[in-house]
Amino acid sequence: MAFIPVVDFGVYKLGISDTTDENLHELCKEIRKAFTDVGFVYLENTGIDKKEVDHVMDISKKFFLLPEEQKRPFGRGSFTNSGNHGWVSSETERLNPGRPGDLKEAFNTTSLCTDIKWPSDDLEGFRDIQVGFFLRCKELSLRVLRVMALSLGLDSEVFLKAHSHIGSDENGSTLRSLYYPPVNAGSVKEGQLRCGEHSDYGSITLVFQSHEAGLQVLSRKGEFISAPSIPGTVLINIADLMQRWTSDVFVSAVHRVLLPPVGDSSTRQSLVFFVQPDDDAIITCCDGSDKYPPVKSVDYLLARFDDSYGRK
Ligand SMILES: O=C(O)CCC(=O)C(=O)O
Ligand SMILES: [Fe+2]
């Protein structure tokens with residue numbers, strides 16, 4: 001069997017108005033196995049199709065290809081009520097603090113507030129396309145969180161209750177559009193990657209990739225294994241707060257994005273939806289075990305940001 005399983009989400013895809021817990025039984029079994037064994041799953045038949053993904057990637061690429069001075073006004077850190085919103089330039093982040101800065105650019109959609117300034121003068125539709133996709137990812141994430149709770153034999157609402165403010169300034173969930181520019185082998189620093197080894201911070205992450213390879217996931221045996229794009233699917237992984245929440249039943253696997261082979265000047269794109277519990281949610285082991293002390297979601301997130309941007 002392939003390392004990361006492909007699971008059919010058709011019974012609960014977007015657009016299906018509702019379904020009984022019984023109908024989700026088989027899906028729950030497969031999701032539980034994937035998140036317990038690997039921490040990653042490809043979901044097919046989610047209701048989000050490749051055309052929708054391509055559309056977001058196309059407008060994002062137009063933004064990334066603008067001259068730097070046109071992107072700078074939208075820089076991360078320039079929005080007072082939403083510290084994570086906006087553009088991040090190449091080599092600013094190191095998801096593995098032991099390596100040089102990641103060779104990637106990002107645009108984070110964290111705030112959906114109407115008073116946020118968007119790069120729409122140069123790129124018509126940019127805001128609506130990003131926000132529209134954010135909301136699609138939000139809906140799918142809530143469905144997955146329900147299935148996950150059921151799969152553990154818990155109340156179906158247990159995770160959902162802590163995700164009631166996605167898309168407001170009381171929740172840090174973020175749609176991150178990533179652009180990996182062409183790599184010039186001559187100027188790469190020693191040990192530099194497109195994205196260093198890391199695990200994600202929040203509850204779950206949705207990943208849509210362009211066809212270029214590079215993403216690898218660390219198996220429980222300690223080997224990095226490729227996680228290629230499978231068109232029409234979404235790759236979903238467990239993040240660190242969810243691992244704590246489930247007392248290590250669901251595993252948050254380390255992953256990274258490699259450089260392309262020397263001489264390959266292709267670019268790469270991905271859309272990554274980081275699901276974060278509401279800022280004031282207290283994350284306590286759901287089996288009552290106290291394996292980890294309770295932690296406030298926002299405190300945990302801010303500490304992790306400090307690590308990847310360099311502690312002040
Ligand atoms: O670009 C990708 O395929 C994954 C990136 C990633 O893991 C992240 O940004 O956390
Ligand atoms: Fe990641």
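Modeller: A227 is found in the loop between β9 (224–226) and β10 (234–238). Strands (E, at least two residues) and helices (H or I, at least four) are DSSP runs, numbered from the N terminus. This is a predicted model, in which local features need pLDDT of at least 70 and side-chain atom pairs count only at pLDDT 80 or more, while totals for chains, interfaces and linings use all residues. Residues are numbered from 1 along each chain as its sequence is written, with chains lettered from A and ligands numbered from 1 in the order in which they are written.

A227 has 23 other C-beta atoms within 10 Å, so it is buried. The cut-offs are 20 or more for buried, 12 or fewer for exposed and partly exposed in between, counting other C-beta atoms within 10 Å, with C-beta atoms placed from the backbone. Leaving out residues up to four places away in sequence, A227 touches I4, F40, L215, Q216, V217 and L235; contact means that the C-beta atoms of two residues, placed from the backbone, lie within 7 Å. A227 and L241 are 14 residues apart in sequence, and their C-alpha atoms are 22 Å apart.

With 23 C-beta neighbours inside 10 Å, L206 counts as buried. Its C-alpha is 6.7 Å from that of N237, 31 residues away in sequence. The contacts of L206, again without residues up to four places away, are C137, L140, S141, V234, I236 and F273.

The UniProt record, an unreviewed entry, places the feature "domain: Fe2OG dioxygenase" at residues 171–277. UniProt positions are given in the numbering used here, feature names are shortened, and annotations may be inferred rather than shown by experiment. Over residues 171–277 the chain is 6% helix and 37% strand, with end C-alpha atoms 7 Å apart.

Two loop residues other than glycine have positive phi. S247, between α5 (240–245) and β11 (255–257), has phi near 50°. It counts as partly exposed, with 15 C-beta neighbours inside 10 Å. D290, between β13 (282–283) and β14 (295–296), has phi near 60°, and is exposed, with 10 other C-beta atoms within 10 Å.

Helix α4 (residues 126–151) has 26 residues and should span 38 Å at 1.5 Å a residue; its end C-alpha atoms are 37 Å apart, which agrees. The expected span is 1.5 Å times one less than the number of residues. Of the 26 residues, 19 are buried, so α4 is largely enclosed by the rest of the structure. G153 follows α4 and has a positive phi, near 75°.

The axes of α1 (residues 25–37) and α4 come within 9 Å and cross at roughly 85°. Axes are lines fitted to C-alpha atoms, for helices over the stretch in contact, and angles run from 0 to 180 degrees between N-to-C directions. The two helices are therefore roughly perpendicular; that term covers 65 to 115 degrees, with under 35 roughly parallel, over 145 roughly antiparallel and the rest oblique. L27, C28, I31, R32 and F35 of α1 meet V147, M148, L150 and S151 of α4.

The axes of α2 (residues 50–64) and α4 come within 10 Å and cross at roughly 135°, so α2 and α4 are oblique to each other. H55, V56, I59 and F63 of α2 make the contact with F126, I129, Q130 and F133 of α4.
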